Protein chains: 2
Amino acid sequence: MTYEFDADTAVVEVEPGIFRGNVHDRWNVGPVPNGGYLLAMAARAIGAKLPGRELRTITAHYLRPARCAPIEIEVEPVKEGRTYATAMARLIQEVADADGVVAKREHARVLATFASPDARPGPEHVRGTPPELPPVEECLRGPMTDAVAITHRFDTRYAPETGGFFAGNLSGRAELRAWVRFVDGREPDVDALPLIADALPPPILNVTTFRWVPTIELTVHVRARPAPGWLRCKFESRFVFGGYLEADGEIWDSAGNLVAQSRQLMSAGTE
Amino acid sequence: MTYEFDADTAVVEVEPGIFRGNVHDRWNVGPVPNGGYLLAMAARAIGAKLPGRELRTITAHYLRPARCAPIEIEVEPVKEGRTYATAMARLIQEVADADGVVAKREHARVLATFASPDARPGPEHVRGTPPELPPVEECLRGPMTDAVAITHRFDTRYAPETGGFFAGNLSGRAELRAWVRFVDGREPDVDALPLIADALPPPILNVTTFRWVPTIELTVHVRARPAPGWLRCKFESRFVFGGYLEADGEIWDSAGNLVAQSRQLMSAGTE
């Protein structure tokens, strides 16, 4: 069996450094493919050029909404060293004008650094703790709606005090805490973390209602390989002003370890 | 009078998209130029190609330590839209081998998005507050040491409970809070924020002593133009394990507004 995530992020190297994939509509938010989904696809393409290494940090700048259509991912190696390997990727789709003339358009630019997958010796100093969440069965099940196809891909259980906004009960605090796992039983891994980092609604929806909160830039740090089972996620926006907001994410695994941190800059402008 | 920062980050476009600058040793940490300094220089080069726009988010992946020598910054426009403009930059220095053969080596790869400088209408929701700091005169003056030349560029006043590590009194918590301003009276502005985001020592030095905590990746979000006067800065590492750590920064201005958020991924490995 091929899981949805693996099928929909699959890429094939058609020329050296040129990968082709297909943006599937299963990860849409409205008519637009989710940015974390595109980031996960880019990470897979980059990772294919860096065997034996694992993602540590990846940043995407989103240029324009992608479409559910074939996508080309051009990977440019930047530096491959003993410890780290850095690469850039361009996410490109073709668009035809009224006369059928096809042009290439870039939808996102990505920069990533991979490293050896082994944990290295070093000091330990951990001050954070996993997000506060009641047991899964006491949480609010996130609704699955056809208008937001990505909601069908995850089993999402919200801390009750943060999950009422779906029913119009805004908490007044731009924070979401939730258990998250793939609905088809796929276990979390490093490949999935860039997607998970962008898979929940913007936490600002607990404060005010938007139609559209586009991501300008998303950075994900991978800190450990997730253990199997539910992920515990927390996303929060503390600074919403001037037409912009950040959303900070922490993803913890079932063993109680932080596996990823994320931060995105989004537009909150009403223009 | 030309201030140190402006003199040392000056770049000249020698061919379309190719800028030359000079990496000055005034911003060194040991023998190595500070990463935030290089980032500020890159932002100036990119900004020169995007008149009328202001930095919003910038990410650097550091590939190898730079040297105090001429530097070339190649700016590649990625997309210039109505609202946002995105560009990439390569930071390149020349190195000569024993036979005098000169090769170009890339030291950092940068991705940035600029936007209109105007604040845009939108919701306000701010939960953070400026870092807790006693009055300037009650804080600990950061020592200026020739081995860390960058310490001579700033007047830095630490919250006493976070600034004892210079004298060997580690707080045990990887956090620094400090008032910061340029020593030569230059006022803070958007250009300076990428540097300020990396201008203090790694907060992990309050927990354990390292000789070298290299930055892998640094992202800075510019949230507002700083008002003149002291900046209030806070840098913290909450997750030190597996050979890596993050350092999260907040920079607030004298008017009590958040002007930048930063996050970097650093190596804490002892290999």
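Biologist: How many residues of chain A are in contact with chain B?

Modeller: This is a predicted model, and its interface totals use all residues. Contact here requires C-beta atoms, placed from the backbone, within 7 Å. By that criterion chain B contributes 50 residues, and the number for chain A is 50.

Biologist: By what turn can chain A be laid on chain B, and what relation is that?

Modeller: The superposition of chain A on chain B has an RMSD of 0.0 Å, with a shift of 0.0 Å along the axis. The copies meet through the same surface, because 100% of the interface residues of chain A are also interface residues in chain B. The turn is 180 degrees, and the relation is that of a two-fold axis.

Biologist: Which strand of chain B is joined to β15 of chain A?

Modeller: Strand β15 of chain A covers residues 239–241, and two bridges join it to an antiparallel partner in chain B. Within this pairing, Phe239(A) stands opposite Val126(B). The partner, residues 125–126 of chain B, is β9.

Biologist: Within chain A, which element gives the most to the side of domain 1 that touches domain 2?

Modeller: Chain A is divided into domain 1 (4–115) and domain 2 (136–267), and 25 residues of domain 1 are in contact with 24 residues of domain 2. On the domain 1 side, α1 (4–8), β3 (28–29), α2 (35–48) and β5 (54–62) each supply at least two residues. With nine residues, the element that gives the most is β5(A).

Biologist: Which strand is joined to β5(A) by eight bridges?

Modeller: The two strands run antiparallel, and Tyr62(A) of chain A stands opposite Ala108(A). The partner also takes part in 13 bridges with β7(A), again antiparallel, and forms a hairpin with β7(A) that has five residues between the strands. That partner, residues 102–115 of chain A, is β8(A).

Biologist: Which residues touch the most other members of the largest nonpolar core?

Modeller: The core has 157 residues. Val110(B), for example, touches residues including Leu39(B), Ile58(B), Met88(B) and Leu91(B). The residues that touch the most other members are Ala42(A), Val110(A), Ala42(B) and Val110(B).

Key
Residues are numbered from 1 along each chain as its sequence is written. Chains are lettered from A and ligands numbered from 1 in the order in which they are written. This is a predicted model: local features need pLDDT of at least 70, side-chain atom pairs count only at pLDDT 80 or more; totals for chains, interfaces and linings use all residues. Domain bounds come from an automatic or database domain assignment. Two residues are in contact if their C-beta atoms, placed from the backbone, lie within 7 Å. Helices (H or I, at least four residues) and strands (E, at least two) are DSSP runs, numbered from the N terminus. Two strands pair if DSSP finds at least two bridges between them. A nonpolar core is a set of buried Ala, Val, Leu, Ile, Met, Phe, Trp, Tyr and Cys residues joined through C-beta atoms within 7 Å. A residue is buried if 20 or more other C-beta atoms lie within 10 Å of its own, exposed if 12 or fewer, and partly exposed in between; C-beta atoms are placed from the backbone. Copies are superposed by least squares on the C-alpha atoms of residues with pLDDT of at least 70 in both. Lists of a residue's contacts leave out its neighbours within four places in sequence.
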